[in-house]
Amino acid sequence: LKLFEEYFAMPLGVPKLDIVLAPRMMLGGMENYGLIFLNDSDTKSQGKGKKGNEKLNELLMHEIAHQWVGDLIGFPFWVKEGICCYLEERM
């Protein structure tokens, strides 16, 4: 979180960020303000080792980026997704 807070020069504004593994979701992840749901089967299917960790890290960075882009700053869907895809690679 500190990385994003420094990047946006704005604190998250909630006392904590929870991450929940959900057994059945249509998406890889879904953000809510202060709460991220990850698809449990997607996290397991990422594989083990460096490649699997990189994919999981990208998913987490994408969903954490949504805490600022989309939850704090409203944009059309395609703009939010584009910015978060950029940030998942940059962070």
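**View 1. Gly 29 and its bridge partner in β3.** Gly 29 has Leu 38 of β3 as its bridge partner. Strands here are DSSP runs of E with at least two residues, numbered from the N terminus. The model is predicted: local features need pLDDT of at least 70, side-chain atom pairs count only at pLDDT 80 or more, and totals for chains, interfaces and linings use all residues. Residues are numbered from 1 along each chain as its sequence is written, and side-chain values use heavy atoms, with hydrogens and water left out. β2 and β3 run antiparallel and are joined by four bridges; two strands pair if DSSP finds at least two bridges between them. The two strands form a hairpin with two residues between them. Gly 34, in the turn, has a positive phi of about 85 degrees.

**View 2. β1 against β3.** Strand β3 (residues 35-39) pairs with β1 in the parallel sense, over five bridges. Asp 18 has Leu 35 in β3 as its bridge partner.

View 3. Asn 39 belongs to strand β3. Its relative accessible area is 4%, so Asn 39 is buried (under 20%, with a 1.4 Å probe and protein chains only; exposed is over 50%, partly exposed in between). Not counting residues up to four places away in sequence, Asn 39 touches Ala 22, Pro 23, Met 25, Leu 27 and Gly 28 (heavy atoms within 4.5 Å).

**View 4. Leu 27 in its loop.** Leu 27 lies in the loop between β1 (18-22) and β2 (29-32). Leu 27 counts as partly exposed because its relative accessibility is 47%.
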